[in-house]
Amino acid sequence: MRLISYHHKGEPGVGVMTDDTRFVALTKAAPDLPRTLKQILALRDGLDRVRVAVKGRPADMGLNDVALDPVIPDPYVTWALALNFKRHIEETRLTTSTQYPHRFIRHPGSVVGHLQPLLCPPPDLERAYDYEGELAVVIGRGGRHIPVDRANDHIAGYACYNEGSTRNFQSHNRQFGLGKNFEKSGSFGPWLVTPDEAGDIYRKELVTRLNGKERQRTRLDDLLFSVEKTIAYVSSGHLLRPGELSAVAAQLRE
């Protein structure tokens, strides 16, 4: 399935895409389900109930009818990951640990939904405003001390993520901090793709385009730390919650 979060007439909703532009609104197909994707993921059988509700049902709304929210508008936390592509490490000549993933946190106010306008920093404050195409991994089942070989059991799905960065602010301290958290500087979406539809992500390519021009392309098997290893690492010290972003794999910069 491909699931979206949206607003329509001031009300939140969740939809299941039937093609690239039309979807089934769960407010109509399954009015007993929660109105947000994070709440649905918190149910042990939430996605199974969604599948049953939309099976054989035609689309009743289109993307032009709604304003898309971030796939998860209010994640408990977004654990972003820096310097995780081998080619990126080689081209930047930066150093990073080969034992521990380089993690930092991004807050919900720094992200908008697909096709929603980004907020460009005032030029007198920051001119080095950049894009970073990334893979977002959304947690479906929470847990602590998750072993690597069980990590996939905790994944609800995958999504696209543009981690807009203000480079000068990013260099102000070792933790990246405000440089990765300017208001509405990044985007998240359009949809969550469940693992059964996504297939083997390590056979996929991540592509970023700016104004239609391709700027980034890499295979996801180029990761220094796999998705499974980063989930295991974060869960060693943090209780993962449904709907949070456990791993955002930072893409190489061309």
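Buried means under 20% relative accessible area, exposed means over 50%, and partly exposed lies in between. These legends describe close-up views of a predicted model.

**View 1. Arginine 217 and glutamate 205 form a salt bridge.** The closest N and O atoms of this pair are 2.6 Å apart. Arginine 217 has 29% relative accessibility, so this residue counts as partly exposed. Glutamate 205, at 44%, therefore counts as partly exposed too. Arginine 217 sits in strand β16 (residues 213-219) and glutamate 205 in strand β15 (residues 205-210), so their bridge ties together parts that are 12 residues apart in sequence.

**View 2. Strands β15 and β16 run antiparallel.** Six bridges join the two strands. Opposite arginine 217 of β16 stands valine 207.

**View 3. Aspartate 20 pairs with arginine 2 in a salt bridge.** Their closest N and O atoms lie 2.8 Å apart. Aspartate 20 belongs to the loop between β2 (11-17) and β3 (22-25), while arginine 2 belongs to strand β1 (residues 2-8), so the pair ties together parts that are 18 residues apart in sequence. Is arginine 2 buried or exposed? Arginine 2 counts as buried because its relative accessibility is 14%, and the cut-off for buried is under 20%.

**View 4. Lysine 180 and glutamate 163 meet through their side chains in a salt bridge.** The N to O distance is 2.7 Å. Lysine 180 lies in the loop between α5 (167-170) and β13 (186-188). Glutamate 163 lies in the loop between β11 (155-162) and β12 (165-166). The pair links distant parts of the chain, 17 residues apart. Both lysine 180 and glutamate 163 are buried.

**View 5. Salt bridges that share partners build one network.** Which residues does this network join? The members are Asp130, Glu132, Glu163, Arg167 and Lys180. In total, the structure holds 15 salt bridges. Side chains of opposite charge can pair when their charged atoms come close.

**View 6. Helix α7 is mostly covered.** This helix spans residues 227-235. How many of its nine residues are buried? Seven are. They are Val227, Glu228, Thr230, Ile231, Ala232, Val234 and Ser235.

Key:
Residues are numbered from 1 along each chain as its sequence is written. This is a predicted model: local features need pLDDT of at least 70, side-chain atom pairs count only at pLDDT 80 or more; totals for chains, interfaces and linings use all residues. Side-chain values use heavy atoms; hydrogens and water are left out. Buried means under 20% relative accessible area, exposed over 50%, partly exposed in between (1.4 Å probe, protein chains only). Helices (H or I, at least four residues) and strands (E, at least two) are DSSP runs, numbered from the N terminus. A salt bridge is a side-chain nitrogen of Lys or Arg within 4 Å of a carboxyl oxygen of Asp or Glu. Two strands pair if DSSP finds at least two bridges between them.
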